[in-house]
Amino acid sequence: MSFRKINLLLGWLSFATALIVYLLTLEPTVSQWDCGEFIASSYKLQVGHPPGAPLFMIIGRIFSLFTSDTLKVAMMINAVSAFASAFTIMFLFWTISHLLRKIAIGPDSGSSEPPLSSTIVVMGGALVGALAYAFSDTFWFSAVEGEVYASSSLFTAVVFWAILKWENVADETGANRWLILIAYLIGLSIGVHLLNLLAIPAIVLVYYFRKYEVTRKGVIYALGISMVMLLLIMYAVIPGIVQVSTLVEKFFTNAVGLHYNTGLVIYVALLLGLLAYGIYRTQFIRKNVLWNTILLCITVIVIGYSSYALIVIRSLAGPPMNENRPDNAFSLLSYLNREQYGDRPLVSGNLYNAEVEDIEYKKPVYVLNKENNKYEVAYRKPELIMKGRKVLLPRIYSRDPNHIQAYQEFGTISDVNNPTYLDNLEFMFRYQMGFMYFRYFMWNFAGRQNDIQGHGNVLHGNWISGIKPIDSARIGPQKNLPESMRHHPARNTYYFLPLLLGLLGLFFQYDKKPKDFWVVMSLFILTGLAIVIYLNQTPYQPRERDYAYAGSFYAFSIWIGIGVAGISSLLMKKLKSNLSAVVALGISLLAVPTLMAVENWDDHDRSGRYTTRDIARNYLNSCDKDAILFTVGDNDTFPLWYVQDVEGVREDVRIVNMMLFNMDWYVDQMRWQNYTSEPLPFTIPQSKYRAGTNNSVYVMENDKWAPLDYILSFVKSDDPRTKLPLRSGEKVDYIPTQRLIFPVDSAKVVSNGTLPVKDLQHMEREIRFQLTPNDQILKGMLGQLDILSTNKWNRPIYYTSGGSDGSLGLEQYFRNEGLAYRVVPVQTPYKSILAIGGIDTDTLYDRLINTFQWGRMNQEDVQLDYYTIRTFSVIRFRSLHTRLAMALLQEGKREKAVAVLDHCMELAPSRVLPYDQYITGITLPDRNGGVIHHEGIIEAYYLCGEVDKANEILSEHYRNLADEFLYYNSMKPRQAASIEREINDVLYQMEELKILLERFNQEQLRMELGITKPEVPAFPG
């Protein structure tokens, strides 16, 4: 068989291997984070969060057409990532084989077949490198869920492979076709993710190395040109085309009087006409190949970029999900620029200690007034003018107190009020490059401690190697690890083998083919450290960000493949060429991709997990008919959007995301019909919540109570007496008192089931609650007040959480009827975050035991990752069951209470959800400065008379805690200092368990466990 056929065959074999693995481990339904939004937006071609991914939506929609079962739509769209990832592996194989052939064989002349040993090295190295990337932690994670990063990786792989194919084409015209294909792929990739653009410097280097004599000056020029091209596409083509369109659109709408978006159509026609004319002129009149190729490349980039027309078209159609409502040129520009997420300094700016000198309002923000068919200035963007000089690459810029604390933890800031530029650089190197890039890099090529999100301590999310002396010096002793740490599914150790093979390949390529080395190195740096500089991340990110650097890990996998040739070269000094090639391949295949596949399989296999989907269903099924459900963040909103938009679950429930409710376009959407959900009862006129108006509303301190209806009328009024004058002379709306009264319609709350007849004796005639005085509430909270006032108890209102999450301080009127809290006219004093509101025991029991599904969470073949477990912590799975059991016990329903506790432990044994304070019981501070004790599962079992069950759990938990404490005691002081809170928590729980044994007279168990008499535990600060 010829070399070319073997290359093709093994490339497809690598594709098939990766695809089978990804399909076997694919999540069969929705995942956490943005996946629910992407799946829902793809299925119905809706408009997701900025800057959108229209091409991914189109591909996802096509895949969804292969099933008529809505329950399988998520799996089909997840399969987009599986196929994209498998194709990425295939093109990576061909990329490595191309580069290895140049080392082991020489240029591809096509005239003769290479020797067998060279073929084995080239094909074996390509297979090892491709499969190493296929089984790497970050890439595998993205390959089995419905997100854009797998598809983005495919574009990077194809573009990089294409420029290498161009390198081998002798005919100039044929070679230029490859360049045009690359440009088109770059344009298409914009509709998925911008990460693909970072391959441009590598493309330019390949072009330069082939076309010109290589000099140091020439390389610098080539890199400079590549950066200019990258910046032009990022800041001129992508937003620039739309920026110019806003000028044309505004002229034809405001000046000429045409219908809005007519100017946009005229602009697109003019742009394409000019490009077509330029192509015609350079090809047939001027016959200028260079300019013809450039214009063709620009044209196909624009054609690829035109997938964003889908965003405008679908926004005009008004789908249920229509984020930012980019239905015209101005809103599309804001959408592309991600303006709702704010700005961060990149090249220059101030450090966090800089003081605000002034606020300037310069840049106008235009919005479309559809009634007048005019673009009007809604407001001007505020720009802070800071005192002091700006610095280059400001890294410690955030003024958030938590971030300032983290700046100190990750650095050596001697004076927190006056950080130096060296402190700034230290944070960049230690946190942004070290913790937020190098740590992720080592996860993939050395090993990973666990999947618990890390913030710098020695227990969570660090890289490890599996070599105990090295790991012990960094993150604590490895000999006496507790069982939960030693056998954590996400504890993966590769013993540095992928890293060492990659480094060998790096140096081997540098020695043999330095030009190719610098091409790969440019890709490695631009998709790694350059992204670090660009993102300029603050501490305490909401999730791990390793997915952003997948392109860098892709580049390193190329060197892993080349490392096989390095090993073969070393072995050839002792062995014959054929044998050295076979041995090198065998060692590399077993030591790297096979090891990585074995180590990573258990924590990357999501094939039986339905947990996220079922929790989303449970949230919606916690609500009565036609409910209004206020949600907070991504993980309690996006999965709900998915189950409602795709699976059709509870289309009568109106989901209101409180963060988005601060946006005028989202308020508008809440006033529309959505499926069977009627428009929200919202009376504030659009002039009072349009962009730039009432973004925040001041709350005046006042001793008087006022009805909510009066407050809303006060805010809606245009009477000058209802305005608050500012220093600038402007007058703004405000709320005249923080003390609000919400009347209760007793007949209605009984007739519509808000309150059972048995609870009428506890019903309040009016709900009194307070806002924070001398403070401001956001637009979304003003909207909540309007809904509360005008709803008048017609539709049930729920919140997914309480506390400080924007629930207006209504927690004392919450009632727990499932995973969501219902607002009812019965006051239950707020105790703590674990005991919000009252409990409807009958309803909650029926839903927890009979109605809710939990996604096979307790099955042996299901592994819950950290973020899924954290979601269970957010809904307080165990405390919810314990509260219900204790309430049932107080009602004299012991059997039901035991059934609830058994149900909890059946679903969530320690293997599924690690034991924590919700097992032992926890004491928390209350709002009055005291403390309140919350029973845990063990105490609840004791109180129910189920001593054996309580003892079994207590014994297991205490032994685990004792192992943890012994492990912490074996750490060096420097290591233990980073986990002071964890140590205190273990001590606290151990003392709580001792108290339980003493309280319930379990002397025999106490002696078996070797426990001394308890001390009074202090609250673990």
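Mentor: Gln-509 sits in helix 19, which covers residues 497-512. Keep in mind that this is a predicted model. Is Gln-509 buried or exposed? Its relative accessibility is 0%. Buried means under 20%, so Gln-509 counts as buried.

Now the contacts. Set aside the neighbours within four places in sequence.

Next, the whole chain. Buried residues make up 57% of its 1021 residues; Gln-509 is one of the buried residues. Of the chain's contacts with a separation of 6 or more, 74% join residues 24 or more positions apart.

The protein chain holds 39 helices and 21 strands. Its radius of gyration is 31 Å, close to the 31 Å from the globule rule for 1021 residues, so the chain is as compact as a globular protein of that length. Along the principal axes, the C-alpha atoms fill a box of roughly 95 × 85 × 65 Å.

Last, surface and charge. The accessible surface of the protein chain is about 43000 Å². Carbon and sulfur atoms account for 58% of that surface. The chain carries 95 positive and 98 negative charges.

Key:
Residues numbered from 1 in each chain as written. Predicted model: local features only at pLDDT ≥ 70, side-chain atom pairs only at ≥ 80, totals over all residues. Heavy atoms only, no water. Helix = DSSP H or I, 4+ residues; strand = E, 2+ residues; numbered from the N terminus. Rg over C-alpha atoms; globule rule 2.2 N^0.38 Å. Buried < 20%, exposed > 50% of the residue type's maximum accessible area, 1.4 Å probe, protein only. Contact = heavy atoms within 4.5 Å. Areas by Shrake-Rupley, 256 points an atom, 1.4 Å probe, with all protein chains shown as cover. Lys, Arg positive; Asp, Glu negative; His and termini not counted. Charge placed at Lys NZ, Arg CZ, Asp CG, Glu CD.
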